[in-house]
Every structure is written in C-alpha cells, then in structure tokens.
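Dear colleague,

Please find below the structure we discussed, with its sequence. My notes on how its two chains come together follow directly after it.

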Number of protein chains: 2
Amino acid sequence: MSWWLSKKKKKFPRHQIKLTEDNKCPTMTRVPEEANPNRPLDGQPLHEIVGEVQNFKVGDRVGVGSMVGSCNSCDNCADDIENYCPKMIFTYGGKYYDGSVTYGGFSDTMVVDEHFAFGIPKNLPLDAAAPLLCAGITVYSPLSFYGLDMPGLHVGVVGLGGLGHLAVKFVKAMGTKVVISTSPGKQKEALENLGADSVLAANGTFDGFVDTVSGQRPLLPLLGLLKSHGKLVVLGAAEKPFKLPASHLIQGRKLIGGSMIGGMKETQEMIDFKAKHDIKADIEVISMDYVNTAMDRLLKADVKYRFVIDIGNTLKATW
Amino acid sequence: MSWWLSKKKKKFPRHQIKLTEDNKCPTMTRVPEEANPNRPLDGQPLHEIVGEVQNFKVGDRVGVGSMVGSCNSCDNCADDIENYCPKMIFTYGGKYYDGSVTYGGFSDTMVVDEHFAFGIPKNLPLDAAAPLLCAGITVYSPLSFYGLDMPGLHVGVVGLGGLGHLAVKFVKAMGTKVVISTSPGKQKEALENLGADSVLAANGTFDGFVDTVSGQRPLLPLLGLLKSHGKLVVLGAAEKPFKLPASHLIQGRKLIGGSMIGGMKETQEMIDFKAKHDIKADIEVISMDYVNTAMDRLLKADVKYRFVIDIGNTLKATW
C-alpha cells in the first residue's frame with residue numbers, strides 16, 4: 001500500500017521508509033480548499049509522517065513533512081528555503097517529478113528524496129514529533145524570520161488549535177511573553193495548561209502577532225493592538241480577501257506578512273530546538289478506522305490539538 | 001505674519017526662524033483628506049520650510065519638516081523616531097502644546113523647538129532642499145528600514161511624482177537597480193532624466209516596491225512581481241481599504257508594510273546623504289501670488305515634481 005514509488009532518478013538520494021508497528025503517524029489536519037485549490041485530492045491530506053529508514057541507514061528515526069521535492073537549482077533551494085521554490089512538490093496533492101500525484105501519509109511505506117527527510121531525536125516520541133513537521137515549523141519559521149523570537153518581546157498568538165497551541169509553547173521557550181487571543185472557552189486552557197501569560201490586552205502593546213486562524217477574520221483589531229513597527233503574520237488562508245486600510249500600516253510603520261511552513265534546514269533546527277526544550281505537541285492518537293469520526297470532530301474543532309493516526313498498529317503493511 | 005508663537009516652555013529649546021529674501025520655501029503638496037482626517041484646515045498645508053536661524057545661531061541654514069513637536073518621553077521619542085510618537089504634532093493641522101493650531105509654512109516667521117529643525121548643508125540650495133523634509137524622508141526612511149537600500153537589489157518605484165522622483169534618485173545613489181512603474185507618458189522621462197534602469201518587468205523579479213501613489217490602486221499585480229520575501233511598502237493613503245488575499249502573502253513569505261516620514265535623526269542623515277551624493281529634487285519655484293494656479297495644476301498632476309514657493313521674495317515680512 002504505497003502511494004508513491006517513483007523510479008525516476010533525481011539529484012537528491014532517495015530512501016524508503018517503512019512505517020512500522022512502533023510508529024504512530026501521521027497527523028490529520030483540516031485544510032481549507034483555498035489553501036491549495038489545485039490539489040487533485042478529494043480526501044484530506046496527511047502530511048506529517050514519521051517512520052524508520054529501511055534502505056538508507058537501518059533504524060534511523062526520520063520524518064517527512066509537507067514537501068517531498070523541489071527544483072534543487074533556484075535561489076530559494078540554494079538558500080535552504082525549498083518551501084518557497086516555485087517547483088516545490090507538496091507531500092499531498094502535488095505532482096511528483098515523473099507526473100504522478102502525491103498522496104500524503106495514508107500508507108505503510110513511502111519513498112522520499114533523502115533531502116526531504118528529517119532526523120527525529122531519540123528523546124522525542126514519534127507520535128508527538130509528527131505534528132512538528134507541518135504545524136510546528138509553520139509557527140516556528142515566522143517567529144524566527146520576523147524577529148519575534150527575542151526574549152522580552154510581547155507576542156500574541158491568535159487562535160488555539162493545532163498551530164496555535166504549538167506557537168504558545170515555542171514563544172514561551174524562546175523567553176518571549178505570550179498572550180493568547182482565542183475564543184473565551186479556550187482562555188482558561190491557554191493560561192493554565194499551555195503557559196500563556198495573559199489573554200488580550202490594551203491597544204499599542206504588542207510587538208507582533210502570529211495569526212494561526214484559517215478562514216475569514218478581521219485584521220484591524222489586531223493592527224490596533226500592535227505597537228509601532230509591530231508585525232502581524234498571517235499563516236492561514238481565507239475565502240475572501242482581507243480589507244486593509246493603508247493608513248493602518250502607514251501610521252506606526254506596521255506590516256502584515258505571510259509565511260508558509262519552512263525550509264528543510266530550519267525544520268531540522270526546529271525539531272532539535274523542540275527536543276532540547278522538551279516541547280511536545282498535544283495530540284490524540286487514533287486508529288485508522290476512527291478516521292471518519294475524527295473528520296467529523298475536526299469540522300467541529302473538537303480536538304486538543306492534533307489527531308495522530310497510529311498507522312503502524314492499525315494499517316496492515318503490504319511488504 | 002507668524003502662524004505660531006507659543007510662549008509655553010518645553011524641554012526642547014526653541015528658536016525663531018526668519019524666512020528671508022534669499023530663501024525659497026516651502027513646498028506645496030497635495031494631501032488626500034483621509035491622510036489626516038482630523039486636520040482643522042480647509043487650505044492646503046505647507047510643511048517643508050527652510051530659513052535662517054535668528055535667535056539661536058545667527059546665519060545657520062535650517063529647515064522644518066512635517067512635525068514640530070512630540071511628547072519627548074515615550075519609547076519612540078527615545079528611539080529617535082518621534083514621527084511615530086502618539087503625541088507627535090504635525091507642522092500643519094496639528095494642535096500645539098498650548099492647544100493652538102499649527103498652520104504650516106505660509107508665513108515669514110516661525111518659532112520651533114530646536115529639536116525639530118534640521119541643519120541644511122551649505123552646498124545644498126535651499127529651494128531644492130525643502131522637498132527633502134517631507135517627500136525626501138518619506139521615501140528614504142522605508143528604503144532603509146525595510147532593507148531595500150543594499151547594492152544589487154532590484155527595487156521598484158511606483159508612481160512618479162514628488163515622492164517617486166526622489167525615490168528613484170535615492171535608490172540609484174544607494175547602488176540599487178531601480179525600475180519605475182508609472183503611467184506610459186512618464187516612462188521616457190524616468191529612464192532618460194531620472195536614471196531609472198527600466199520600466200516594469202517580469203513576475204517574481206523584484207526585492208521590493210516603494211509605492212508612492214495616493215488614492216485607490218491595485219496591489220495584487222505588485223505582489224506578483226515580487227520575489228519570495230519581497231516587500232511592498234505603501235506610503236500613500238487610499239479612500240477605500242485595499243483588498244488583500246492572504247494567500248498572496250503566505251506563498252512566498254511576502255509582506256506589505258507602511259511608513260510615514262521619518263525621525264529627526266534619520267532626516268538629518270538623509271539630508272547629509274543627499275548633499276554628499278548631490279541629489280537634488282526637481283522643483284518649480286513659484287511666487288506667492290501663483291498659489292491658486294499651482295493648486296489647479298497640482299490637481300491635474302501638472303508639476304515636475306514639486307512646487308516651491310519663494311516666500312522670501314514674494315511675501316512681505318512683518319518684522
């Protein structure tokens with residue numbers, strides 16, 4: 001049951017990963033249609049995958065995130081930001097080098113270019129590691145790129161889901177004060193269990209926001225909460241364009257920026273940072289036959305905070 | 001004929017400037033209503049003023065830009081970015097410390113806190129210096145703050161008016177390749193007289209844009225022209241909010257930022273940079289009695305590129 005076994009030779013060495021009994025993978029996430037309107041899949045993608053290397057160095061613990069290929073020749077690839085390569089290939093719903101469609105992690109085996117596999121440190125449980133490979137790097141990369149990872153800053157996290165709960169944990173580990181903006185029902189949880197310092201405060205007091213919400217939401221209140229030179233980083237797509245008055249950026253020299261996952265080098269750095277600081281994603285491990293129920297719960301945002309499917313124990317291997 | 005002679009003592013020392021016969025000042029600019037909806041003036045503001053100091057050090061050449069006061073105690077004032085002080089006082093349409101309204105440069109004398117006067121180098125003609133004090137710093141500051149001043153970058157300037165023509169000259173002096181996006185009628189002028197390297201080119205080729213246009217304009221084509229991590233800096237207000245799809249920022253990690261004039265320290269740095277590189281604003285010097293005609297021409301964008309009123313020679317001094 002392998003979704004992808006291309007024989008085409010590429011520059012990057014490839015290796016085969018067998019998702020064994022011990023491994024619990026991959027995570028399940030809800031992606032709005034507009035995030036990747038060209039994807040040829042009807043189902044939900046699975047794109048945070050961990051397993052053991054079989055043909056490269058037996059026993060190595062590795063993971064595969066949201067991408068499995070890139071051109072390996074453009075400026076972005078040379079700069080270790082393959083995630084912004086114009087020819088980057090998504091792990092699900094992408095077209096591989098040979099034209100075949102990529103189907104994510106609903107599989108017991110996969111073949112991947114070595115360049116697109118991460119090492120998973122031994123002290124990091126595989127099930128809690130998987131959500132790092134997309135959700136984790138998606139919040140870690142902008143914190144670093146936009147300079148919101150410095151101790152003493154005042155950073156807000158908008159939304160408390162798969163991405164948001166990891167953002168709170170990263171921001172805290174970076175020594176930054178974190179404030180959570182989420183639905184009232186989640187505030188107690190954020191303060192007591194995730195380490196958030198407070199819930200939303202006064203205008204002009206934030207150095208930056210990491211907005212993890214997908215779908216329509218107003219940006220102007222967030223811009224008002226920023227200090228001068230504050231940065232609002234949006235990570236989730238929305239069905240309709242934001243409405244953005246220029247004056248809200250001009251007065252106070254504020255900016256709105258985007259960010260999308262992260263490069264391979266930076267993702268490995270994030271995994272190692274997480275292992276060092278003992279940051280764990282909050283997950284609910286499910287069996288393969290629970291997938292449809294999990295989908296229904298996802299649509300109601302009824303998960304804290306990421307489903308991880310135990311494919312090793314619940315999907316029979318074909319080799 | 002002095003618009004403002006407050007006796008209130010402030011921390012900053014104040015001095016009186018007499019706008020003498022030799023001085024040609026200030027510039028005249030068109031500001032859309034939404035840029036400063038609270039201003040109490042019906043007329044057009046004049047806010048780039050040069051003259052000779054009378055009571056501080058006689059004979060010093062100084063200028064006053066868009067601001068004449070700030071709180072002098074907030075973080076922004078301490079960081080030399082008084083322009084983002086929440087209590088910054090505009091040179092026109094602002095409320096001074098004593099509650100009086102500021103009326104810009106339609107005057108033969110003015111009193112100003114020393115902190116808010118710039119030194120004008122002797123090799124810089126006063127008439128060509130005046131447009132620096134708002135237009136010049138408005139384009140210089142974002143080039144520096146957003147890192148678009150490094151040699152080898154590919155920077156676009158949108159709009160070729162009072163701000164845009166100075167942006168082209170600054171970008172060239174910084175060693176950066178500059179491409180101009182403007183109406184077809186102005187392209188020849190930009191290439192032949194201002195030093196632009198080319199007119200608009202292919203998608204994904206720009207490190208940044210300085211958008212000097214005021215009023216409604218589409219942003220999406222500019223975002224498409226940016227490389228990954230490209231920066232679109234908007235300097236002019238618009239009547240309606242921009243429509244901004246999140247995906248255009250997320251894919252390619254692009255950002256839209258704003259910027260508004262600059263701090264006193266940075267403005268002095270810009271004036272000295274301009275004097276060193278012999279950059280001159282292109283101006284049309286007019287007499288005071290030409291103001292109404294100039295206003296009509298401004299509304300038709302019929303000026304290359306800034307009107308400067310010769311107040312010294314055409315407005316009789318009252319002292």
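The copies meet through the same surface, because 100% of the interface residues of chain B are also interface residues in chain A. Please bear in mind throughout that this is a predicted model. Chain B contributes 32 residues to the contact, and chain A likewise contributes 32 residues.

The relation between the chains can be stated in simple terms. Chain B is superposed on chain A by a rotation of 180 degrees, with 0.0 Å of shift along the axis and an RMSD of 0.0 Å. That is the relation of a two-fold axis.

How much area is buried between chain B and chain A? The value is about 2800 Å², and carbon and sulfur atoms give 67% of that area. Five elements of chain B each supply at least two residues of the side that touches chain A: helix H3 (135-145), strand S15 (226-234), strand S16 (242-244), helix H7 (247-250) and strand S17 (255-258). The largest share, four residues, comes from S17(B). Sorted by class, this side of chain B has 19 nonpolar, ten polar and three charged residues.

The side chain of A:Ser228 makes a polar contact with the side chain of B:Asn76, at 3.1 Å. Leaving aside neighbours within four places in sequence, A:Ser228 is in contact with A:Gly252, B:Asn76 and B:Tyr84.

Strands also pair between the chains. Strand S16 (residues 242-244) of chain A pairs with S16(B) in the antiparallel sense over three bridges, and A:Lys243 stands opposite B:Lys243 there.

Finally, an open sheet of twelve strands with mixed pairing runs in the order S13(A)-S12(A)-S11(A)-S14(A)-S15(A)-S17(A)-S17(B)-S15(B)-S14(B)-S11(B)-S12(B)-S13(B). The edge strands are strand S13 (198-199) of chain A and strand S13 (198-199) of chain B, each of which pairs on one side only. Within chain A, strand S14 (residues 206-211) and S15(A) pair in the parallel sense over five bridges; A:Phe209 has A:Leu232 in S15(A) as its bridge partner.

With kind regards

Terms used
Residues are numbered from 1 along each chain as its sequence is written. Chains are lettered from A and ligands numbered from 1 in the order in which they are written. This is a predicted model: local features need pLDDT of at least 70, side-chain atom pairs count only at pLDDT 80 or more; totals for chains, interfaces and linings use all residues. Side-chain values use heavy atoms; hydrogens and water are left out. Copies are superposed by least squares on the C-alpha atoms of residues with pLDDT of at least 70 in both. Contact means heavy atoms within 4.5 Å. Buried area is the accessible area (1.4 Å probe) that two parts lose on being put together, summed over both. Ala, Val, Leu, Ile, Met, Phe, Trp, Tyr, Cys and Pro count as nonpolar, Asp, Glu, Lys and Arg as charged, and the others, Gly among them, as polar. Two strands pair if DSSP finds at least two bridges between them. A polar contact is a pair of N or O atoms within 3.5 Å; within protein, one must be able to donate a hydrogen and the other to accept it, and residues adjacent in sequence count only if both atoms are side-chain atoms.
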